[in-house]
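Here is a short tour of a protein model for you to explore. Keep the viewer open as you read, and look up each part as it comes along.

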Amino acid sequence: MARANSARQVVVDISAADALAVALAQWDDQQLEALFVRRPDLASPPPSDLAELAARASSWSSVRHCLASLDLGCFQVLETLCLLDQPTTTDRLAGLLSPSAGPALDAGELERPLRGLEHRALLLRRGDELALLPVLAQLRHPAGLGPPARTLLGAHPPAVLAAMAGRLGLGTRPTKTANLTSIVELLADPARVRRLVEAAPSGAADLARQLGGGPPVAFGPYGSHMADRTAQGWLTNRGLLVQLNWDTLVMPREVGLSLRGGCPFPSLRLRPPEVAASGVAPETVERAAAEQALRLVGDVATVLDQWGDVPPKVLKAGGLGRREVRRAAKATGRSEVDAARLVELAACTGLAAPSAGLALPLPAFDGWAARPAARRWAALVQAWLGAEVHVGLAGAVGSDGKPVPPLLMGHEPEAVARRRAVLRALAGVGRDHSASPASLCQWVLWEAPGLWTDGPAMPDQLVEWILEEIELLGLGALGSLSEPGRLAVAGRLEEAADGLARWAPAVSSEVLLQADLTAVVSGELAAPVRRELALMADVESSGGATVYRFSDASLRRAFDAGLSAEDLVAFLESHGAKGVPQPLAYLVADLGRRHGHLRVGTATCYVRAEDPSLLAEVLRARRTNCLGLRQLAPTVLVSDADPATVTETLQTAGYLPAREQPDGSLLLARSEPLRAPVPPSLGRSRPPGPPPEVPAVVSRLRQGPRPAPGRPAGGRPPVLARLRQVCLVAEPDPEVEPDDDDEIGGSERACGTYGAEVARPTDIAGEAVAVRAMLDQASDEEWLVRMAYTSAKGKTGQLTVAPIEVEGHQVVVQCLPRGDARTLRLDRVVWARVLTDAEEENVL
Amino acid sequence: MTDGPLIIQSDRTLLLEVDHPDAPACRAAIAPFAELERSPEHVHTYRLTPLGLWNARAAGRDAEQVVDALLRWSRYPVPQALLVDVAEVMDRYGRLVLEVDPVHGLVLRTTDRAVLEEVLRAKAVVPLVGPRIDAEVVAVPREVRGRLKQALLKVGWPAEDRAGHVEGTAHAMTLREGAGFELRPYQREAVEAFLAAGSGVVVLPCGAGKTLVGAAAMARAGARTLVLVTNTVAARQWRAELLARTSLTEDEVGEYSGERKEVRPVTVSTYQILVTRRGGLYPHMELFSAEDWGLVVYDEVHLLPAPVFRMTADIQSRRRLGLTATLVREDGREGDVFSLIGPKRYDAPWRDIEAQGWIAPAACTEIRVTLTDEERMSYAVAEAEDRYRVGACARSKLAVVQAICREALARREPTLVIGQYIDQLEVLAERLGAPLVMGRTPVRERQRLYQAFRQGQEPVLVVSKVANFSVDLPEASVAVQVSGTFGSRQEEAQRLGRILRPKADGRQAHFFAVVSRDTNDQDFAARRQRFLAEQGYAYRIIDAEAVLRSGPASPAGLASPPLGLAPGVTESGMASGQAPAPGEGPAPGEGPAPGEGPAPREGPAPRGPAS
């Protein structure tokens, strides 16, 4: 590329363009038209004159594009021409192409590829003289061979060359040129190179043979000095490889050629390979393909209908998860791979797409589903032909060993041309012949080898995928295209659809209802009837016909959807081709009778009374209007207001309501006196045995905090109860926990200060509720608290604080010893404990 | 799209549209390889299973015939994969052959070495084969012939048994054809098909004369025969039948049962006695080796108990004839029947035989009884395990059963009342003034009652579960089921079989199921309905009120359509309150035309839910 920008190159190009323009001027219109067909990029935009055409045709970007469309024969000839000095002759070309041992190549055989190159304006011919466009010198490693040895080795210092000649046993000559010439001579002699490689250490020989087969480059990191003991070193020191830079080795062209016996292509493929085909009855192909086509159409509808009800989630990384692919596979009775491709195909057709994390059918699906089966198929085929994505990639095993999910929405513009290439190959097979996939693959890869590089998989894998896609779509079967398939490939989709319609079941709205509670639909059911029937019966088997089964559950679904027993019977009667069997009608009527006998609704609370007249009064009282009371039964009212509001409102209205607990007993408003949790140390340190002494019992009774004045009594008990639970389960941090002596001391102190002061809790609160209660209490009692607190930045540190006020989710504290006030968030408190008296004195 | 009668589904079921003009031809083409699964009125369902395909292969059909039949009759394109699979599956049968080698004795020979290598690596097969003789042959110890066949079937390579059968001790007997009976054509075909193969199963519906097929096969085999039946009563009936239909004399036919232990040239024994265990052993299994039997007949092969399979595996060199109405086994051991008794050799769809006029078409009616509030409450509060009994034994059923019996009596229809719970049956027997046959009833008494029932002295018989198996009650034309063991498929087939016996005058048989509404009795009835409808029987559901309204009022109401006992009386007849003229009962031979659906299908619409 860099060379292309040099001034000299541009000059050459211009002169080449001139030469091409001269040649083109002699072409007739037909030839020019053919050029535009073969190189469509030259025709858009249309060139104004031949000079512009020639300039564009000899630009590297256009030439590179053209190379991708060359068949293998043309390409091999082109590559061989690149190896020869320009201009050259047909004889010289034939001489290089024919192996030294084998029979000489017939010049006539070269005519087709040469003409192919000429017609693509890549080659200029004058009589026997051949000249490639100079721009083709940019072709990297033609025929998998490196640059000429003279160019590569010429860059070496004379001493290196002399040493190399010595190693090769050529004897050291006085001048660099002489050494170079003798080395290049040796490298160009196949017999001597072969002997050299045979004598090489085995690693070196293997590497030489590998690079000889092409491509001629090895990458590594290599040092500046290469030792003989490594394979690379051995070869480099003998000129079989040349080090381009610190990490690239290249094999000189002569070495590669010598290793191939002097001929660039040991297997020359100037003619297309034969496609192996065996006989097959066209009728069988038609039938099998039609079956596949119709089944695909039905299966796409099945999957998307399912998605319409329960849309699958799309993976975060994009694509449809394996579980969902399995679901589709189960619904259609296909393999996971086929199901994935089916989904991909539906997406290509614009029937479904990922949307907001879900895969959903698109509105176009409804229009598609309403069309006859054959038209639906044509739509799928049309989309597939133009899809710039390899449908076969979905479901294939990816690089991570897992199947590639469908709906990845990839982009592969070459997919269209690749697909066309395979279809062309298949279309070339006779109607009554079945081609073997392997030979088709060979043919396709011969026809346009450049098309298959840079795909998402190896070329033969890509061909295989496309062949499988063709079978999936029912364009062909058994290695042969079906008649609708051929029409579709030729772009005659309407006719193709008509051809398939011959096999498609007629659309009807008739159903055969049977006494074993099944319904059989032969062929295709009109979409509205199908939707309705699917509501009231479950599909039991599908295929050419669909068998539905009525069951309690399926009919209940219909009732839930608002259909009445009469509606159902009317529907069945209008569509039942042979009447409605008596047991089915009975089942519908019987379920209709039972449906909705049990009613379920929501209400927040109820009001009940033994006396219906009292409830009637409450219901009509003006003051209870705001409660939205409804009467369920003479003795039961319900309301959506919460129980407290209802109670309060009723009280205000002058009634005397009482709250009920779930078990029916009365909920008492009077609260128990509050008690602190039992300190865990007491339970632990006291050994079981003699009954406790009376003073100790009394002291324990007095340990709990007194109820704080002015606090609503109602809210307390549940909080304390929870607090108690928390304290029993909380695991104190062993490092922070005061040892046992301290605890005993603490409790003794508690005993000592009986009546004067509330004992300080010795437990460590970890849970939000417990922390809150502890801080609350500490602020009331003016205790200091030690806590671990996580800052907004996520750092956790310990604080000693004097809680001032607990407010909502926050607590206002004074931090010690500095004394600044801070507002802490309760949920960030990791743990908290009240300081002992002694600790408090220390801090203060 | 062609116009064939067959539709092939992706789940390998075949749907046959019976009203299609080509349906009979298509049925004949697919019946040999596809198993009839359901035969409701319009579309019959067949299933392609490996076992079915192998059965066909065993009967000499090849994959090409099967594929041809599918392609020829299919309305829509047939999935290529299915055709390929059919061919592959069928090809599996016969790759391995069990045969007798003059040098090495019993051997397993293959035409495909890879298959032999594969099966010889299967864990189940390894312990059953002897030394390898060459690449294609492996020796097989004689005693594992049956077990090897079982194992090979399990690994998917069923072996064809060409090792032949021993003749057994000859014992001449002939069939007394001409003396009041003739073998029907299908019976003759069944016998021929069996004898050509030497062992296998003949599938015929109840009442189609399986006993006679057995007797004919015995006469043709002309060897000492062991007949295995389900219980003692059935054993005595077999014995009586053999004495009546063949040249065998009293001395030649023995009974080997709980009561008698006779081993004679023809011995009839029961599965019951064979599987009696003492000290962990089956002392009566010796019977298999007590004589040099030339033929072993297994009646009701779908009920064959597992220990008998084991014994059968050891007598693979004897001819074996299985007789059954259905190959469907509740335990799913259809494969064992295939390996050990033999492939299916003959079958005929029930409805076809009916259409030929051999079996009275039966009409099935489910009568839904609305329980009283009290009964509903006791059902509602019953423990889960008692619920079925409480629901099924509702006293509200009594009146309905009485009404049916009264009507049947008036029409001189011999009637069976079948139930599961003894206390319910006792009350019924008392109310109906009919004798009760149950497990406790001595065999002698049982036989006396059956005899009286047959001769018309006892028009109504109340029977418990004992009636389920092999009791021959030729004149029963009405059966009323008041409770049953959870509607197993087999039981239904048996119960329906009770009343399917050919009637001398071609009258229609009736099957009534009295069911308590809104209880799980009804759920079980739903399963029964499905099964019977799948078997192609007309099924309808009516309300008890309809029966009771028309029933007790006047004798004229007896023939009213709610019960449908009189064919040909339409709804209009009832709606206008017209009573059928006396003596309008069906004349002999005046049943529905062959092939036509039984009359009650056109019966009145349900009225219960509306009221």
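This is a predicted model: local features need pLDDT of at least 70, side-chain atom pairs count only at pLDDT 80 or more; totals for chains, interfaces and linings use all residues.

## Helix 17 of chain A and its surroundings

**More on helix 17 of chain A**
- Helix 17 covers residues 336-348 of chain A, which is 13 residues.
- From first C-alpha to last, helix 17 of chain A reaches 18 Å, close to the 18 Å expected at 1.5 Å a residue.
- This helix of chain A is mostly covered, with 11 of its 13 residues buried.
- After helix 17 of chain A comes A:Gly350, which has a positive phi, near 80 degrees.

**Chain A as a whole**
- Of the 844 residues in chain A, 37% are buried.
- Among contacts in chain A with a separation of 6 or more, 66% join residues 24 or more positions apart.

**Two helices that cross in chain A**
- The axes of helix 26 (residues 552-560) and helix 28 (residues 582-594) of chain A come within 10 Å and cross at roughly 60 degrees.
- Helix 26 and helix 28 of chain A are therefore oblique to each other.
- The crossing of helix 26 past helix 28 in chain A is right-handed.
- Helix 26 of chain A makes the contact with A:Asp552, A:Leu555, A:Arg556 and A:Phe559, while helix 28 of chain A uses A:Leu587, A:Val588, A:Leu591 and A:Gly592.
- By class, this contact in chain A has 5 nonpolar, 1 polar and 2 charged residues.

**Helix 9 of chain B**
- Helix 9 of chain B (residues 232-245) has 14 residues and reaches 20 Å between its first and last C-alpha, close to the 20 Å expected at 1.5 Å a residue.
- Its buried residues include B:Trp238, B:Arg239, B:Leu242 and B:Arg245.
- Among the elements of chain B that cover the buried residues of helix 9 are helix 8 (210-221), strand 11 (225-229) and helix 19 (443-454).

**Where the chains meet**
- The contact takes 31 residues from chain B and 32 residues from chain A.
- Helix 21 of chain B gives the most to the side of chain B that touches chain A, with 4 residues.
- That side of chain B divides into 16 nonpolar, 7 polar and 8 charged residues.

Notes:
Residues are numbered from 1 along each chain as its sequence is written. Chains are lettered from A and ligands numbered from 1 in the order in which they are written. Two residues are in contact if their C-beta atoms, placed from the backbone, lie within 7 Å. Ala, Val, Leu, Ile, Met, Phe, Trp, Tyr, Cys and Pro count as nonpolar, Asp, Glu, Lys and Arg as charged, and the others, Gly among them, as polar. The expected span of a helix is 1.5 Å times one less than its number of residues. A residue is buried if 20 or more other C-beta atoms lie within 10 Å of its own, exposed if 12 or fewer, and partly exposed in between; C-beta atoms are placed from the backbone. Axes are lines fitted to C-alpha atoms, for helices over the stretch in contact, and angles run from 0 to 180 degrees between N-to-C directions. Angles under 35 degrees count as roughly parallel, over 145 as roughly antiparallel, 65 to 115 as roughly perpendicular and the rest as oblique. A crossing is left-handed if the near helix is turned anticlockwise from the far one by less than a right angle, and right-handed if clockwise.
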